[in-house]
Amino acid sequence: MKVARFYAPGDIRLEDAAEPEPGPGELKIRVRNCSTCGTDVKISRFGHHHIVPPRVMGHEIAGEVTGGDAPGWTAGDRVQVIAAIPCGRCAECRRGRMTVCAHQESMGYHYDGAFAEYMIVPAKVLAVDGVNRVPDGVSFAEASVAEPLACVLNGQELARVGEGDDVVVFGSGPVGCLHVRVARAQGAARVFLVDVNRDRLDHAAGIVKPDAAVWATEGTDVVEALRDLTGGRGADVAITAAASGAAQVQAMEAAAPGGRVSFFGGLPKDDPIISCDSNRVHYRELSLVGANGSSPAHNARALELIGSGRVPVQDLITHRLPLSGLPDALGLVARGEAIKVTIEP
């Protein structure tokens, strides 16, 4: 089979490899789609402290069972696989906080991922209900988007997005687009989208149709624009779906009294410090929340939302490329020229 292996920053190789064989309690799947994200770009450029090369990358996984002895699964089953693997036993997992598991591992990091024709699903994934059946009528490509959608569900759950909220999303990449759609599905009254990249913002807005799109260009006071859109109140929920400290500061400034601010996108490890007006947080009773990945249950809910049509994702998949096109896919993501790029090995 063909695989794409990471060896070092700037060194991802398309190689021939023997098909893997499942061990006890494992599944073997034929990968049908593995979508790409900004994290893949970062790994390709800088590596990752959890990746010991060589490693097959790819963590947004959908495919078809071809072998293995895991109970309840048979050849031909259409499945989606979680990316982040909680241990299910630590103090956080026992308290229901699997997204911050102290011993979390990940597909494409600790285990070979899905930029390959075939892959093995470890037994520990099945032990935490990390394999989900793809609903009838949902394509493999759509199912692969369930992983980032699951992360969005976790973020909006923590930020308590709900009926009647005004929500602003900073960042119009694939995750920003999913935030817009999930906020609508949660009953938000209005959703606004902000980005510094005009082409990407226009493209995304044309698809997900926010109530307003704000181009954060030089000379535009983003916070003032958002206040104007909300009658001076600000947003009930402000979500930063971008690796931008400036966006995080703007999100706090744009939050309404009692608002919730979600730092969904992490910052570069060499520049993680921002300024925070703590009096604004104090006197306006703001809540600041983080969001880190998703749990197996979030992945299952994401598939249900896709299958029901409440959160459509098909039109977000703008590019489909073969495994040999992975370098092109990562380039499209890095340049912001696509919404969602999926690999079809």
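This is a predicted model: local features need pLDDT of at least 70, side-chain atom pairs count only at pLDDT 80 or more; totals for chains, interfaces and linings use all residues.

**Histidine in a helix**

I started with His 298, which is buried at a relative accessible area of 6%. For the cut-offs, buried is under 20% relative accessible area, exposed is over 50% and partly exposed is in between, with a 1.4 Å probe and protein chains only. Residues are numbered from 1 along each chain as its sequence is written, and side-chain values use heavy atoms, with hydrogens and water left out.

His 298 sits in helix α11, residues 296–308. Helices (H or I, at least four residues) and strands (E, at least two) are DSSP runs, numbered from the N terminus. I found a polar contact of 2.9 Å between the side chains of His 298 and Ser 295. That term means a pair of N or O atoms within 3.5 Å; within protein, one must be able to donate a hydrogen and the other to accept it, and residues adjacent in sequence count only if both atoms are side-chain atoms. Setting aside neighbours within four places in sequence, His 298 is in contact with Thr 99, Ala 150, Leu 153, Asn 154 and Glu 157. Contact means heavy atoms within 4.5 Å.

**The rest of α11**

Which residues of α11 are buried? I listed Pro 296, His 298, Asn 299, Ala 302, Leu 303, Leu 305 and Ile 306. These buried residues pack against β6 (78–81), β10 (131–133), α4 (140–144) and α5 (146–158). I checked the length too: at 1.5 Å a residue, the 13 residues of α11 should span 18 Å, and the end C-alpha atoms are 19 Å apart, which agrees. The expected span is 1.5 Å times one less than the number of residues. Just after α11, Gly 309 has a positive phi of about 85°.

**Another histidine**

His 59 is in the loop between β4 (55–56) and β5 (60–68). His 59 is buried as well, at 7%. Beyond four places in sequence, the residues it touches include Cys 34, Cys 37, Asp 40 and Glu 147.

**Cysteines**

How many disulfides are there? I got zero, using cysteine sulfur atoms within 2.5 Å as the rule. The sulfur of Cys 93 has its closest cysteine sulfur in Cys 101, 3.7 Å away and too far for a bond. For Cys 151 the closest is in Cys 37, at 8.7 Å, also too far. Cys 93 is buried at 7% relative accessibility, and Cys 151 is buried at 12%.

**Sheets**

I traced an open sheet of six strands, β13-β12-β11-β14-β15-β16, with parallel pairing. Strands pair if DSSP finds at least two bridges between them. β13 (212–215) and β16 (287–290) are the edges with a single partner strand each, so one side of each has no neighbour in the sheet. Four bridges join β14 (235–240) to β15 (255–263), and Ile 239 has Ser 262 of β15 as its bridge partner.

Helix α9 (245–253) lies across β11 (166–170), β14, β15 and β16, at about 155° to β15. Axes here are lines fitted to C-alpha atoms, for helices over the stretch in contact, and angles run from 0 to 180 degrees between N-to-C directions.
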